[in-house]
Amino acid sequence: MNQSRPDKVDASMLSGVSETALMTLNGRAFQAGHPDPIIDDPMATRLVQSIDFDFAKFGRHGQEMALRSLAVDKCALAYLTKHPQATVVALAEGFQTSFWRLDAALPDAQFHWVSIDLPPVIELRRRLLPHSPRITEIAQSALDFSWTNDIDTREGVFVTAEGLLMYLQPSEALGLIAACAKRFAGGQMFFDVPPTIVKRVARKGLCSSRHYRVPPMPFSLSPGQLANLAGTVPGIRAVHDVPMPKGRGWFFGTMYPALWQCPPIRPFRGAYTLLEFG
């Protein structure tokens, strides 16, 4: 039985997809604390230090989680620069700390933030993260589309679904995209998907270590298939294939971003996707 340390918050109740929020947090915090960091994320470091959980079971601390967050930040910053009072909706936010990174990056930040996740995660966020009058929390599934009616659309909407859609069934993922496109005209949406081969070769999930298996990822589309969303989903005006940010070292700093853009590799890799809603 897990004994929570008195100076830390116990997160052992999280399981399944919700538990992956701790894995991504751990990877991002590790990269932020590296002697040559690729992301400035002191809030992530503080969170890991405040949570009582066996983070070691996740295994390696690759750069991928931090690089994905950098890709989201770049897209969000571009939108918020043009729409400074927009609302950012973070679907299945987990323990992302994007609000504080964007808040620090924008002078006189005015954007509003809506964090949507299941009740256990929202409860932990409330206990662990600083309060801000610009943050609203909604404790429900992103697939309960009633949340779309609670979003202020007057100044624009930027939706993030970082690390979410791959864990949904295809009909659920596409339904969520369609609901956002219908409701948030003039807005944008960022999401990521793994290579399409993952859903075929890892039907029971991927092992990240001897002690942890990432849940199955039944949804993915190739960059070419994602581009077709503009012609098949009402309300999607444009689809952008977002480049891989540069990381640290020869592979993540040079080779990985180059491979991401290589035409022969493109159909077989994952994707960071930015949708524009008409």
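The structure holds 14 salt bridges, and the model in which they occur is predicted. One of these pairs joins K57 and E19, whose side chains meet at 2.6 Å, N to O. The K57–E19 pair links distant parts of the chain, with K57 in the loop between β2 (51-52) and α3 (64-82) and E19 in helix α1, 38 residues apart.

**Salt bridges**

- Side chains of opposite charge can pair when their charged atoms come close.
- A salt bridge of 2.7 Å, N to O, is formed by the side chains of D73 and R101. Because D73 lies in helix α3 and R101 in helix α4 (residues 98-105), this pair ties together parts that are 28 residues apart in sequence.
- D73 and R101 are both buried.
- A network of salt bridges links R28, D41, D73 and R101.
- The side chains of D152 and R154 meet in a salt bridge as well, at 2.8 Å, N to O. Here D152 is partly exposed, with a relative accessible area of 34%, whereas R154 is exposed, with a value of 72%.

**Helix α1**

- Helix α1 comprises 17 residues, 16-32. From its first C-alpha to its last the helix reaches 25 Å, close to the 24 Å expected at 1.5 Å a residue.
- Most of α1 is covered, as 14 of its 17 residues are buried.

- Strand β11 spans residues 271-277, and seven of its seven residues are buried.
- In a regular strand the side chains alternate between the two faces of the sheet.
- Both faces of β11 are covered. On one side lie the buried residues A271, T273, L275 and F277, and on the other the buried residues Y272, L274 and E276.
- Strand β7 (residues 188-193) runs antiparallel to β11 and is joined to it by six bridges. Within this pairing, D192 has Y272 of β11 as its bridge partner.
- Strand β10 (residues 236-241) is likewise antiparallel to β11, with five bridges between the two. A238 stands opposite E276 in β11.

**Cysteines**

- The count of disulfides is zero. C75 is in no disulfide, and the nearest cysteine sulfur, that of C180, is 15 Å away.
- C75 is buried, with a relative accessible area of 10%, while C262 is partly exposed, at 26%.

**Surface residues**

- A nonpolar patch on the surface is formed by W250, F251, L259 and I265, which together have about 390 Å² of accessible area.
- W250 counts as exposed because its relative accessibility of 59% is over 50%.
- K182, located in helix α6 (residues 170-183), is exposed, with a relative accessible area of 75%.
- K182 and V233 are 51 residues apart in sequence, and the distance between their C-alpha atoms is 9.2 Å.

Conventions: Residues numbered from 1 in each chain as written. Predicted model: local features only at pLDDT ≥ 70, side-chain atom pairs only at ≥ 80, totals over all residues. Heavy atoms only, no water. Helix = DSSP H or I, 4+ residues; strand = E, 2+ residues; numbered from the N terminus. Expected span 1.5 Å × (residues − 1). Buried < 20%, exposed > 50% of the residue type's maximum accessible area, 1.4 Å probe, protein only. Disulfide = S-S within 2.5 Å. Patch = residues over 30% accessible without salt bridge, like charges linked within 9 Å, V, L, I, M, F, W, Y side chains within 5 Å. Areas by Shrake-Rupley, 256 points an atom, 1.4 Å probe, with all protein chains shown as cover. Salt bridge = Lys/Arg side-chain N within 4 Å of Asp/Glu carboxyl O. Pairing = 2+ DSSP bridges.
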